[in-house]
Amino acid sequence: MPAFLPLSPTLGAALFAGTVYVFGTLLSGYPSSRLGSVYPARELGYDKIRGEYSAPAAAIFLVTSLYTLVSLLEGLDVYIQAGIYASITLFGLWVKLGTPVSMPSGPRDHPMDRLPEWDGKTHRFHAGWRVEVDQESHEITEKEVANGHKLTGEAAGRQMWYFDEKEAKCGPEDKSVLDFNAAKNPNASDQIFRDQQIRKWKAKGGKVPDKSWKPATALDTARKGMAFYQMLQCSDGHFAGDYGGPHFLMPGLITVWYITGKDESFISKGKREAMIHYFRVHQQKDGGWGTHIESPSTMFGTTLCYIALRLLGVPKDDPAVVKGRAFIKGQKGALYTSSWAKFYLCLLGVMHWEGHNSIPAEFWMLPDWFPFHPGRLWCHCRMVYLPMSYLYSLRFVYPEAETDLVTLSLREELYCEAYDSINWDATRHWVAPMDNYSPKPWTMRVAQDILAYWERLGGPILRLFRGYGLKFAIEYMKAEDLQTNYVDIGPVNKVLNMLSSWVDGGMDVKDDNFQKHILRVPDYLWVAEDGMKMQGYNGSQCWDTSFAIQAIAEAKLADEFPECTRKAYRYFERTQILSTEVSRATPAFKYEGEESRRRFYRHVSEGGWPFSTSAHGWPISDCTSEGLKGMLTLRPFDVIKKWKQAPPMTDQRYFNAANVLLTLQNFDGGFATYENNRGYGWYEALNPSETFGDIMIDYSYVECTTASLQGLVAFHKMFPKHRSDEIKASIANAKSFLKRIQRDDGSWYGSWACCFTYAAWFGIEGLVLCGESLESPSIRKCVEFLKSHQNDNGGWGEDFRSCYDKRYAIEGMKAYGDEQGSGVVPTAWALMAILKAKNPIDKVCIEKGIHYLMRRQLDSGDWPQEGISGVFNRSCGITYTAYRNVFPIWALGRYAREYIPIL
């Protein structure tokens with residue numbers, strides 16, 4: 001060590017602290033034009049959008065850390081020093097070369113050991129509900145709510161349901177489309193929506209496929225499937241469908257409606273009745289409700305559905321309520337429900353805040369570079385705990401809780417002991433085993449206990465910092481509302497932002513922001529034969545439409561369905577975020593500047609595509625890619641090339657999309673969802689939810705990685721000179737990531753659908769796209785894995801237990817598929833994967849699967865609704881009714897156009 005810099009731990013600590021201050025604070029955000037950019041054009045300091053320091057900062061951190069370490073170890077025995085240095089080196093190698101943080105663990109030690117069961121009764125829903133989309137949906141909502149405010153943002157893709165007296169009288173010709181029996185299948189078939197669209201198609205003189213059309217080939221089966229599916233396309237070009245499934249969403253909306261005064265324009269009487277119908281038909285034989293429609297009963301689902309029925313006016317002696325109460329008390333009462341349910345109970349005034357663990361708003365006042373800062377969390381987690389921190393820190397309670405007869409009664413109904421006798425603080429960590437998917441480790445329990453002391457002893461210091469935290473939290477929520485045209489990122493933060501807005505507005509139902517929120521409530525509601533439900537998003541419009549278009553294109557059927565193709569192309573153009581005249585005229589566009597993005601932790605939005613609608617405003621990596629592919633895939637077809645009225649798409653709009661994708665690649669080479677991974681794997685040790693898994697950071701996923709690669713490759717073919725080197729480097733890094741997270745048995749775990757068949761499609765597709773040899777062990781191992789799970793009838797089958805247990809479902813999809821456990825959607829996914837491997841030795845396996853899909857097609861050209869297809873956060877299923885159409889068409893088309901020619 002040079003004489004001018006003697007070894008000193010104190011000096012080392014000072015140098016390290018100085019480095020943190022310079023790069024974490026002084027140089028953070030400089031230069032502002034580089035916010036969220038990829039190497040080498042990076043900010044000089046800490047980039048809060050990427051959650052990373054610049055290369056110079058990292059180098060100086062390394063030097064100061066080594067200097068401090070050497071200073072601390074000076075004087076120790078040489079062997080001790082060598083052991084410490086070796087341990088640090090080995091730890092670094094493990095971090096670099098070991099299991100990636102994005103590698104899902106599994107299989108679980110404790111697989112699901114209960115199954116749902118219903119009473120077998122068929123329920124008939126009442127006719128009269130109609131869906132409207134696009135600008136017409138705006139007009140109906142503004143008329144129904146009539147609060148003087150207008151909906152902002154692009155109307156394309158918006159879908160809302162309203163009660164129509166004419167529809168109630170005429171209704172569907174076949175009344176059986178209104179019937180629902182959860183014992184046969186808890187997944188609604190979306191028959192009300194589909195029946196309406198088909199009637200509209202007939203009214204225009206459209207031809208409806210029937211049993212006279214008997215396809216003899218795979219391609220003709222795909223053609224018939226598309227002839228059916230085109231009838232479901234909405235007037236603005238998107239394909240709509242049920243995106244429900246979770247039971248815990250709508251009770252939150254109902255709770256906020258009740259607390260804020262039960263405004264009729266918020267949830268009308270007709271909607272309340274349709275919601276009650278939904279809760280009744282999904283109640284299980286044991287009296288409970290699951291976390292989602294295929295889940296066995298849980299305390300989380302049951303507690304929330306129970307209070308929802310009571311708040312909607314169902315009396316406590318109603319048979320459904322009596323059964324629900326028996327289930328709750330059979331599990332020791334609501335003290336044992338999970339934390340999200342407890343949060344709503346606290347808001348309602350039927351649980352004390354001392355029974356809920358702390359969610360301090362002052363955490364937002366930590367420096368952005370702090371290793372655990374809420375701005376580093378996965379955006380869905382962050383945006384849920386943002387309003388939770390606000391409402392918790394205010395200790396908000398329904399103002400009429402002490403006099404309201406329903407809440408006073410709930411205090412008796414929900415617990416096995418007298419309400420006033422409960423030691424609330426002692427119950428903070430209590431949770432029923434059936435809710436405890438992600439048990440809190442001791443680290444989180446200790447942290448929460450420390451925060452409990454902070455709540456009691458913090459005094460003026462707590463009040464000072466909490467005041468700043470509350471001020472920022474409400475500012476952040478208002479920014480989120482404006483950035484999303486009051487849709488918000490998802491249904492949980494939607495209703496909690498809405499309540500926070502009402503509280504901030506003086507608990508005045510006429511508050512402007514609260515009224516603007518009311519206009520967007522219909523965006524989340526969907527009606528099917530099981531009643532009215534709250535969806536997991538404001539729909540899956542762009543996602544479903546992009547898959548449909550790629551299926552048409554790969555089957556080379558786009559020119560055969562010109563109206564469908566052109567409508568979808570126009571929809572994609574209107575849906576690109578902050579890229580149209582309408583979207584750029586909204587307040588959301590003002591928040592796209594660097595300073596606003598930095599203040600509110602927003603990744604770049606302009607040029608991306610959403611999961612749902614442009615108005616929603618949150619771009620996602622795979623959705624951006626699917627939208628980009630949708631546009632680029634259709635451009636070569638005559639139906640678009642010769643279309644004189646085609647909407648204009650400038651090159652810059654494509655460049656913006658590519659920029660969104662390139663900036664979303666993580667350090668590990670994979671792609672996350674909405675943002676880069678800003679945190680660390682150890683964050684999961686602080687997961688407070690119990691019910692969900694792996695929610696704390698934005699991991700890299702096989703699905704997002706492959707989808708993003710597909711978009712970049714398609715873009716590179718169209719614009720080979722634009723950021724060419726960056727795209728090539730991105731592909732190489734992604735290939736390495738895909739191989740690292742492949743399981744030893746050749747499979748990949750699917751995080752966003754059920755599960756291994758879905759992930760296999762993306763895994764093989766991604767490796768082929770990266771130039772991997774079709775004979776490589778990685779590809780062949782995955783193909784053999786899939787072949788080992790093919791059933792005798794040629795199909796494959798999985799249900800959500802594959803995701804939950806992190807192992808291939810032992811009985812496949814036997815519950816809601818066919819007698820062998822096969823289903824059309826997982827069969828299509830498996831075929832898509834094996835077909836992409838393009839190996840003639842797989843011919844027998846492939847042809848068995850293709851014949852299975854052909855046999856399962858209905859006379860109408862539709863395929864049957866089977867089990868739930870989607871999943872999120874490891875443990876919760878979600879519905880995609882479009883999948884039963886899109887993926888069989890796609891697999892059949894790929895077989896006909898890509899595989900048969902190589903034989």
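Let's start with what a patch is: patches are made of residues with over 30% relative accessible area and no salt bridge, where like charges are joined within 9 Å and nonpolar side chains (Val, Leu, Ile, Met, Phe, Trp, Tyr) within 5 Å. A salt bridge here is a side-chain nitrogen of Lys or Arg within 4 Å of a carboxyl oxygen of Asp or Glu. Accessible areas come from the Shrake-Rupley method with a 1.4 Å probe, and for residues only the protein chains shown count as cover.

This is a predicted model, where local features need pLDDT of at least 70 and side-chain atom pairs count only at pLDDT 80 or more, while totals for chains, interfaces and linings use all residues. Residues are numbered from 1 along each chain as its sequence is written, and side-chain values use heavy atoms, with hydrogens and water left out.

**Surface patch**
- M365, I461, L464, F465 and Y468 make a nonpolar surface patch of about 480 Å².
- L464 belongs to helix α16 (residues 459-483); helices (H or I, at least four residues) and strands (E, at least two) are DSSP runs, numbered from the N terminus.
- With 46% relative accessibility, L464 counts as partly exposed (buried means under 20% relative accessible area, exposed over 50%, partly exposed in between, with a 1.4 Å probe and protein chains only).

**Aromatic pairs**
- Rings of Phe, Tyr and Trp (its six-membered ring) pair if their centres lie within 6.5 Å; planes under 30 degrees apart count as stacked, over 60 as edge-to-face and the rest as tilted.
- By this rule there are 77 aromatic pairs.
- W543 and F611 have ring centres 5.9 Å apart and planes at 35°, so this pair is tilted.
- That pair links distant parts of the chain, 68 residues apart: W543 is in helix α19 (residues 541-554), and F611 is in the loop between α23 (594-599) and α24 (621-634).
- Both W543 and F611 are buried.
- Y701 and W752 have ring centres 5.3 Å apart and planes at 70°, so they are edge-to-face.
- Y701 is buried at 5% relative accessibility, and W752 is buried at 18%.

**Charges over rings**
- A charge sits over a ring if NZ of Lys or CZ of Arg is within 6 Å of the ring centre and within 35 degrees of the ring normal.
- R456 has its charged end over the ring of Y453, 4.8 Å from the centre.
- R602 does likewise over the ring of W618, 3.9 Å from the centre.

**Cysteines**
- Zero disulfides turn up in the whole structure (a disulfide is a pair of cysteine sulfur atoms within 2.5 Å).
- For C770, the closest cysteine sulfur is in C782, 15 Å away and too far for a bond.
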